[in-house]
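Hello,

Here is the structure I promised to pass on to you. Have a look at it first, and then read on for what turned up when I went through it.

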Amino acid sequence: MNKIAQIFQTLDYGPAPEGPEQAIAWLDSHGRKFGHFIGGEWTKPGKTFSSDNPANGDSLADITDGTAEDVDAAVKAARAAFKSWSALSGYERGKYLYAIARAIQKHSRLFSVLETMDNGKPIRESRDVDIPLVARHFYHHAGWAQHLSREFPDAVPYGVCGQIIPWNFPLLMLAWKIAPALAAGNTVILKPAEFTSLTALLFAEICERVGLPKGVVNIVTGEGDTGAAIVNHPDIDKIAFTGSTEVGKIIRAATAGTGKGLSLELGGKSPYVVFEDADIDSAIEGLVDAIWFNQGQVCCAGSRLLVQESIEERFIAKLKTRMASLRVGDPLDKSIDIGAMVAPIQVERVRDLLKRGAAEGAVIYEPDGMVPAKGCFLKPALVTNVSPANTLVAEEIFGPVLVAMSFRTPEEAVALANNTKYGLAATVWSENINLALDIAPKLKAGVVWINGTNNFDAAVGFGGYKESGFGREGGREGMGAYLKPAWEKTLKAAPVAKAAPAKADNPLDSGHLDQTAKMYIGGKQARPDSGYSRPVHDPAGQLIGEVGDGNRKDIRNAVEAARAALGWSTTAAHTRAQILYFLAENLDYRRDEFAARILAQTGEDGAGEVALAVERLFAFAGWADKYDGAVHNPPLRAVAAAMIEPLGVMGIVAPPSRPLLGSIALIAPALAMGNTVVLVPSSQSPLSMTDLYQVMETSDVPSGVINIVTGDSVSLAKTLAEHDGVDGLWFAGSAEASTMVEKASITNLKQTWTSRGLYYDLADRRFEGDYFLGKATQVKNVWIPYGA
Ligand code: NAI
Ligand code: MG
C-alpha cells in the first residue's frame, strides 16, 4: 500500500474540545441555583430539581419547580406590563428586539456552550445552527414590530401569552415563541422544558441587561404540572405549545371553550423520498442531516426513508458506509457528529421502541465503533424489513433511528409518504424538476424541502398538517398568529333563538310527507338513514314543511362524498370562481322564491338577505384566484414558495338565524379556497338550503363538493367533530356546544372555529374578506433550490 493511502487508513480525529469555562463561570455566578424570572426580578429558589448534562450525568444547576402560585405571579406581572408594552410604538418595540438580537450575537459562544452542556447536542450544531437562528429570529421580528400597523391594520395583540416549549431546541423554540409575541405587543410567560432550562434563564438575564420593561418576559421553570398551571390559568389569552402530540391533545381539550388562542406544533414522522434520478451522494448527506441532526430529536426529522426500488440496494449500501463514519461522542468536541440524547429516559424510550420493532420483524443495523460508556449515547440505527404497520414506521421515535422502505412509482411514493397521522415536513430528492414539483403539492405536510432538508428561516412559516398540530411559526403566518382582529373584542352574546311556539305535531298528521325536503349527499338527494323527519315551523308555530332527521350514518356518507370530491381542491381557482359566480347568478334568478321561503320560516322580509347572499357568493368568487401565497427569500440558496392550501373536507354548522346567508357566508369562503363541505344548515330554518340544491344542480357544482345534512345542529356537530375524515370544522352556536365541539375535535386535531355563543353579524361586509379565508386554509412552504 502506498503511503498516502496508508495515512488515510490510520487517520483519526484529534480531540477538538470547546472549553466549558465561561458557561461554568456563569452558572457559578448564580450559585448554581435559580429561581424564576418574574416581573423583571429573580425569585428566591423554591423546591428545586437538577438540570443535568446528559453527556456525563453531572448536575449543572438546581432549578425551581414552578408552582401554581409562581405561575399566577408571572401572569400578574405580564398583565401589569401589557398595557404600556402594547402601547409602545412598533418602532420602540422593534428596538428592544434588535437589542436582544445583538446581545445574543455578542454572547453567542456562551449560549452555544451552555446549550450543548444542558442538552447534549453537538457544539457544531448549537454554534452553527441553533444560536444563529435565534439571533435571526429576533432581527426578523424587530422589523415586523415596526411594520405591524401597516401590514396588519386593525389587528391587536392577544394580551398575555403562555408559552410552553420542549427540550430539543431549547433557545430556538424560545425565540420562535417570544420574538413574534413581543413584536405584536403581547407579554409572555414562558416555561422551558424541565431538562433544558438554562439558556432560557441566561436569556432572562439578557432581557434584564437590555432594559426590557419588567414583566414583558417572564420565565417560569418546572415540569408538566407547571405547564398545566399555565394552560389552565384563567387570565392567559393565548397558549402556544411545542411538544408531543399527546400533551398537545391534552392542551386542546383543556383550552376548549375558554376562548384562548391556541397554536400547537407537535410531533412528526416525516417522509424522505428519494427518486431513482436523485443525486445520490447529496441525498445521503441530506439524510444524515435529516435524521442524525440533534440525535434525531427533531419534530420534523426525516425519519422515514422512502427510496425508489431501482436504486434501493445501492442507496442502502452507501448509507451504511456513511453511517460508519459518523462519530458519536462528547458534544463539546467540535468534530463530533452525534452527541448525547437529552436524558436517560429518552434513551430508554428509544431502546424500548427498537425492541418492539424488532419483535415485529424489523431488521436493525448499527455501524461498528464505540460510543462512550458513560452518558446518554446511542448509535445511529437503520431499520429495514418493515411493513407500514410496524411500530417503528408508525410512531415518532425521536431518536437517531431511520426507518427505510421502498416504492416503485411516484404514486406509490405519495401514498406511502402520506400514510401517517402526522404532517409536519417532507423531503423530495430528484434531479427532475418536473417530478419534484409534481410531488411536492401532493404531500400532506406543512413544509416540503426539495433537494435539501431541515432548512429553517424566520421569514418562512413552519408548522404542521393533521396531528402535527395547527398554527404556524415564522413568516407572515407566524406573525399573524399573535394578533387578532380588534373587533372581536366588541362581539356581544348572540340572542337566544326563540323556540317556535309549536303545537304538538302528530307525526302522522302533517299529511304532506311528499314535501319532506331531502338531504343532499354526493350530488344526489338522499333520504335520512333514521327514516325520521323533523318538522319546520313558521314563527307562529304553524307546520310549513319537513326535513330529514340526519344522524351519524348520514354524516358518514356525506364525509365520504366530500372526500371523494377533493379533486375540487386542485381544480383551477378560475374554474372555482366561475362556478361560484354561476351559483350566484342562478340564485339571483330565483330571488323571489328564496325571499318568500325566508319570510315563511322567519317572518322577516327575505329580499335583503337573498341579495346579500348573492353578493357574498360574488365576493368569494372574486377571491378564489386572488387569496394566494408568497415567495420568500431566506438567506440561503433557495426560495420558499408559501402556498395557500385548503384544509380539505370542512364541516360547517350554520347559525340558527338567517337561513340562507348564515350558510352561504360560511360555505362560500370554504369552497372558494378548494375545500369540500358537509353543511348542517340552521336546525330551525333549514328549508332555504334544501331549496338551494336545485340551484346547485343547474350551476355545475361538482357532485360531493357541497353536501347538506339536515337535523339537530349540536348532535351533528359532535359527529363531525369526532370524525377523522373531517379536516376543519366551523360551528356557529351556543358557548356550551362550542366547548363540546372543540373538545371532541382532538381525535385528529382538526382546526376549529366556533362562535362561542357570540353574535357574528354575517351580513357585515367585514366577513367578505380574509377572516374566513384564513381559517379555511393552511400554508405549505415548499423550499426550492434557487440561484447560484
Ligand atoms: P412533552 O410534550 O411532555 O414536553 C414538552 C413540554 O410540555 C415540556 O415543557 C413539558 O414540561 C410540558 N408539559 C408536559 N405535560 C404538560 C401538560 N400536561 N400541560 C402543559 N405542559 C406540559 O414531551 P416529553 O415528555 O419531554 O417527550 C416525550 C416524547 O414527546 C418524545 O420522546 C417525543 O416523541 C415527543 N416530543 C416531541 C417534540 C416535538 O417537537 N415534536 C418535542 C418534545 C417531545
Ligand atoms: Mg439538561
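This is a predicted model: local features need pLDDT of at least 70, side-chain atom pairs count only at pLDDT 80 or more; totals for chains, interfaces and linings use all residues.

**Ligand 1**

An N or O atom in the side chain of Lys 191 is 2.9 Å from an oxygen atom of the ligand, and for the side chain of Glu 396 the corresponding distance is 3.3 Å. On its own, ligand 1 has 810 Å² of accessible area, and the protein covers 87% of this. H9 provides the largest share, with three residues.

The shell as a whole has 25 residues, and the closest to ligand 1 are Trp 167, Glu 194, Ser 244, Gln 346 and Arg 349.

**The magnesium ion**

Ligand 2 is a magnesium ion, and its donors are Asp 52 (O), Asp 118 (O), Asp 118 (OD) and Phe 195 (O), at distances of 2.3 to 2.5 Å. Along the sequence, these donor residues follow the spacing D-x65-D-x76-F. The two aspartates come from distant parts of the chain: Asp 52 sits in strand E4 (residues 48–52) and Asp 118 in helix H5 (residues 108–119), 66 residues apart.

Are these two aspartates buried or exposed? Asp 118 counts as buried because its relative accessibility is 0%. Asp 52 has a relative accessible area of 35%, so this residue is partly exposed.

**Salt bridges**

Searching the whole structure gives 38 salt bridges.

The one between Arg 109 and Glu 18 has an N to O distance of 3.0 Å. Arg 109 belongs to helix H5, whereas Glu 18 is in the loop between helix H1 (3–10) and helix H2 (21–29), so this pair ties together parts that lie 91 residues apart in sequence. Glu 18 is buried at 11% relative accessibility, while Arg 109 is partly exposed at 42%. Both residues also belong to a network of salt bridges that links Glu 18, Arg 109 and Lys 334.

Glu 151 and Arg 476 form another salt bridge, modelled with an N to O distance of 2.1 Å. Glu 151 is part of helix H6 (residues 123–151) and Arg 476 is part of helix H17 (residues 475–480), so the pair ties together parts that are 325 residues apart in sequence. Glu 151 counts as partly exposed at 36% relative accessibility, and Arg 476 counts as partly exposed at 35%.

Arg 351 and Glu 348 are both in helix H13, three residues apart, or about one turn of the helix. An α-helix has 3.6 residues a turn, so residues three or four places apart point the same way. The closest N and O atoms of the Arg 351 and Glu 348 salt bridge are 3.8 Å apart. Arg 351 is partly exposed, with a relative accessible area of 39%, and Glu 348 is partly exposed at 41% relative accessibility.

**An enclosed helix**

Nine of its 11 residues are buried, so H23 is largely enclosed by the rest of the structure. Among the buried ones are Leu 687, Met 689, Leu 692, Tyr 693 and Val 695.

**Two backbone angles**

Lastly, two residues other than glycine have a positive phi. For Arg 32 the angle is near 55 degrees, and this residue lies in the loop between H2 and strand E1 (33–34). Arg 32 counts as partly exposed because its relative accessibility is 27%. For Asn 385 phi is near 60 degrees. Asn 385 is in the loop between strand E15 (381–384) and helix H14 (391–394), and with a relative accessible area of 55% this residue is exposed.

Best wishes

Technical notes. Residues are numbered from 1 along each chain as its sequence is written. Chains are lettered from A and ligands numbered from 1 in the order in which they are written. Side-chain values use heavy atoms; hydrogens and water are left out. A residue is near a molecule or strand if one of its heavy atoms lies within 4 Å of it. A polar contact is a pair of N or O atoms within 3.5 Å; within protein, one must be able to donate a hydrogen and the other to accept it, and residues adjacent in sequence count only if both atoms are side-chain atoms. Accessible areas come from the Shrake-Rupley method with a 1.4 Å probe; for residues, only the protein chains shown count as cover. Helices (H or I, at least four residues) and strands (E, at least two) are DSSP runs, numbered from the N terminus. Donors are N, O and S atoms within 2.8 Å of the metal (3.2 Å for Na, K and Ca); water is not among the atoms, so sites may look incomplete. Buried means under 20% relative accessible area, exposed over 50%, partly exposed in between (1.4 Å probe, protein chains only). A salt bridge is a side-chain nitrogen of Lys or Arg within 4 Å of a carboxyl oxygen of Asp or Glu.
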